[in-house]
Amino acid sequence: MNILIEGLLFPEGPAFDREGGLWLVEKEAGNLIYYKDNQYSRIAVNGHPNGIAIDKNGMIWFCDSQQNSIRCYDPFDKTTTTIVTEIAGKPLKMPNDLCFDTEGNLLFSCPGNDLEDGTGYICCLHKHGALTKIHTGLFYPNGLAFAADNCTLFVAETGTKWIWKMHWNSLTQQVENIEKFIETGGSIGPDGIALTHDNYLFAAIYGSQHILSIDTKNKTTEKIPTPGKNPTNCALDPKGIQGLMITEAEKGQLLQWDSTKKGLL
């Protein structure tokens with residue numbers, strides 16, 4: 001395990017762009033961070049950025065759990081735009097993580113701040129601008145990501161320590177065939193997740209000092225130890241060169257673990 005950056009204030013949300021750079025957030029400092037070729041820079045966006053998804057145009061979308069919003073940073077003109085702050089007239093419930101489908105619809109989790117109240121939900125911000133809830137009654141829905149088929153959606157539910165599997169219908173913008181996939185255990189539960197081209201799922205198990213590698217075909221697992229006890233999220237290099245990048249909050253580190261598995265853009 002290699003330490004790439006230290007001294008970060010609650011790092012989260014790593015995501016690779018198409019040029020091989022890595023974006024992440026420094027949640028408690030209100031920054032985005034761009035890392036490439038062993039160098040990094042901070043970009044102040046204020047709030048509490050949490051989770052990153054990069055669209056086909058290279059825009060950096062992120063949740064803001066302090067401002068209860070979905071925001072977007074343009075790395076070309078260096079501007080930040082707030083996209084949406086409420087649903088059905090009520091503030092979003094502390095947005096946490098997000099991902100795009102192949103049609104350009106944005107899915108994001110809204111857990112709130114309680115692991116046990118069962119009021120968390122997942123939203124879809126449709127590519128034409130409409131915003132709807134697509135799944136409700138969740139106990140702190142957290143990381144979410146698509147498999148290589150672009151329609152199997154995995155969702156980490158921290159409060160129950162389960163990862164859910166469901167089918168995403170991009171035409172109707174609805175989830176179908178919702179089922180429990182695997183229980184991760186851990187003192188707190190699964191946080192951010194990432195998937196590979198060969199159907200492996202990597203889950204950061206917050207509070208338990210490891211990343212859990214899961215073969216989604218046969219559900220066999222392997223623990224990847226981390227220096228600190230609070231890994232928050234992870235991302236795999238789509239080219240299979242830079243390995244698995246891990247954000248860890250207790251020690252404030254960006255970590256790298258050697259792997260040739262290829263992540264999904």
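This is a short tour of a predicted model, with something to select at each stop.

**Stop 1**

Start by selecting residues 152-157, which form strand β17, together with residues 162-169, which form strand β18. These two strands run antiparallel and are joined by 6 bridges. Click on phenylalanine 154 and look across to β18, where lysine 165 stands opposite. Between the strands of this hairpin there are 4 residues, and lysine 161 takes a positive phi near 65°.

Asparagine 169 has glutamine 174 of β19 as its bridge partner. The hairpin of β18 and β19 has 4 residues between the strands too, and here glutamine 173 takes a positive phi near 55°.

**Stop 2: two loops with a positive phi**

Most residues other than glycine have a negative phi. With that in mind, go to alanine 88, which is not a glycine and yet has a positive phi of about 50°. You will find alanine 88 in the loop between β10 (86-87) and β11 (90-91). Is alanine 88 buried or exposed? Alanine 88 counts as exposed, because its relative accessibility is 79%, over the 50% cut-off.

Next, select lysine 219, in the loop between β22 (210-215) and β23 (221-225). Its phi is positive as well, near 65°. Lysine 219 is partly exposed, with a relative accessible area of 40%.

**Stop 3: the largest pocket**

Show Ile54, Cys99, Phe100, Leu264 and Leu265: among the 37 residues that line the largest pocket, these lie nearest its centre. The volume of the largest pocket is about 910 Å³. Which elements give two or more residues to its lining? They are β2 (11-16), β6 (49-54), β12 (98-100), β16 (141-146), β20 (189-195) and β24 (231-236). If you colour the lining of the largest pocket by residue type, you get 23 nonpolar, 8 polar and 6 charged residues.

**Stop 4**

Finally, select the cysteines; the model has 0 disulfides. Cysteine 63 is in no disulfide, and the nearest cysteine sulfur, in cysteine 110, is 7.1 Å away. Cysteine 63 is also buried, with a relative accessible area of 0%. Cysteine 72 is buried, at 9% relative accessible area.

Definitions and conventions
Residues numbered from 1 in each chain as written. Predicted model: local features only at pLDDT ≥ 70, side-chain atom pairs only at ≥ 80, totals over all residues. Heavy atoms only, no water. Pairing = 2+ DSSP bridges. 1 Å grid on protein atoms, 1.4 Å probe; cavity = no way out; pocket = protein on both sides within 12 Å on 5 of 7 lines; lining within 4 Å. Points joined across faces, edges and corners; volume = space filled by probe spheres on them. Nonpolar A, V, L, I, M, F, W, Y, C, P; charged D, E, K, R; others polar. Disulfide = S-S within 2.5 Å. Buried < 20%, exposed > 50% of the residue type's maximum accessible area, 1.4 Å probe, protein only.
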